[in-house]
Amino acid sequence: MIFYYSFKNCNNDIFYDALSKKFQIAKLEIHEVNFVNGEVYLNSPNNILPSDYVILNFDNDLYGSEYIIRCALITSLLSHLTENIIIYMPYIPYELQSEYKKNSSVGFDIFKSLFDKNYIKKIVTIDSHISSISSKFANTNVANISLMEYLITKNIKIFKNSIIVLPDKGARNRYEHLLQKFSLRYIVLEKSRDFGGNVKIKNNIDTNFATKNKFIFLDDMMLSGKTLIEVMKIIPNINYCMIIKNFNKNFNQQFPNITLIQPSTENIMEKVLSNICETIII
């Protein structure tokens with residue numbers, strides 16, 4: 001038996017629908033999880049029973065420490081059911097990336113323990129900030145679904161007629177090979193962020209260049225939209241924004257003149273399901 005836990009109530013759960021067509025699967029709803037005096041408590045209307053595999057769907061609009069702590073607590077509580085835990089975590093929080101490993105948190109410590117014990121069989125993610133977690137937790141199979149190449153290929157006509165704007169050197173490291181593969185023009189900005197989350201972009205773009213061309217802003221994910229706001233102060237001629245994961249539900253109101261390009265939910269789920277099916281042995 002495979003147990004599937006969703007991070008929140010979801011009336012239209014495409015992921016579960018797709019899985020149930022391939023496997024005998026039971027869906028359990030997680031209503032609330034708490035951490036009190038070192039103990040994890042789960043509020044769920046379903047019975048929690050041992051199973052061959054546990055699949056945790058952590059696709060959620062939360063991010064940061066609140067997200068990782070809740071994910072870690074749920075995973076820890078369910079780890080006694082099986083040593084075959086599969087997690088779909090579209091966003092890899094900073095606490096699980098190597099440059100933040102010194103800033104230990106409750107969520108990080110719990111995940112580290114589960115990784116070390118090899119309870120987590122696989123993590124499937126669409127987050128491109130993935131290189132560090134794969135090496136740090138060597139016992140875990142981390143499957144990164146690369147959607148940017150798919151998006152570029154699908155929208156190649158738009159890209160061919162535009163200049164791609166990368167917000168920082170990190171984005172260049174992640175996507176430069178793709179842009180060169182398709183012979184696309186791009187520029188790299190210099191972005192910095194302070195401890196309060198405020199973004200600064202160094203203005204090194206010629207004004208004539210910024211107003212005479214068409215541009216596509218390309219980034220991994222959008223949280224508040226602060227980066228794009230600062231970029232537009234330097235490059236007002238941004239026609240499209242391409243992102244993998246969008247947390248900004250007010251994008252159309254905040255940027256009415258920019259067309260948002262991102263993968264469809266169905267496309268993401270198809271690729272996630274394929275990765276999970278490779279892991280489950282029935």
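The model you are looking at is a predicted one.

Tyr88 is buried too, and its relative accessible area is 2%. How many aromatic pairs are there? The count comes to four. Phe15 and Tyr88 make up one of them, an edge-to-face pair with 5.8 Å centre to centre and 80 degrees between the planes. Phe15 belongs to helix 1 and Tyr88 to strand 6, so their pair ties together parts that lie 73 residues apart in sequence. Phe209 and Phe215 also meet edge-to-face, because their planes stand at 75 degrees, with the ring centres 5.5 Å apart. What is the relative accessible area of Phe209? The value is 28%, so Phe209 is partly exposed, whereas Phe215 counts as buried at 0% relative accessibility.

| Pair | Centre to centre | Angle between planes |
|---|---|---|
| Phe15 and Tyr88 | 5.8 Å | 80 degrees |
| Phe209 and Phe215 | 5.5 Å | 75 degrees |

Rings have another kind of neighbour as well. Lys245 lies over the face of Phe247, at 5.4 Å from the ring centre. Over the face of Tyr150 you will find Lys271, at 5.4 Å from the centre of that ring.

Which residues of helix 11 are buried? They are Asn267, Ile268, Met269, Val272, Leu273, Asn275, Ile276 and Thr279. In an α-helix there are 3.6 residues a turn, so residues three or four places apart point the same way. The buried residues of helix 11 pack against several elements, including helix 1 (14-20) and strand 6 (85-88). Strand 5 (53-57), strand 7 (120-125), strand 8 (141-144) and helix 5 (148-154) are also among their packing partners.

Strand 5 leads on to strand 1. Five bridges join these two strands, which run parallel, and Tyr5 has Leu56 of strand 5 as its bridge partner. Is strand 1 mostly covered or mostly open? Strand 1 (residues 2-6) is mostly covered, with five of its five residues buried. Ile2, Tyr4 and Ser6 are buried on one side, and Phe3 and Tyr5 are buried on the other, so both faces of strand 1 are covered, buried being under 20% relative accessible area.

How values were computed: Residues numbered from 1 in each chain as written. Predicted model: local features only at pLDDT ≥ 70, side-chain atom pairs only at ≥ 80, totals over all residues. Heavy atoms only, no water. Buried < 20%, exposed > 50% of the residue type's maximum accessible area, 1.4 Å probe, protein only. Helix = DSSP H or I, 4+ residues; strand = E, 2+ residues; numbered from the N terminus. Contact = heavy atoms within 4.5 Å. Pairing = 2+ DSSP bridges. Phe/Tyr/Trp six-rings, centres within 6.5 Å; stacked < 30°, edge-to-face > 60°. Lys NZ or Arg CZ within 6 Å of the ring centre and 35° of its normal.
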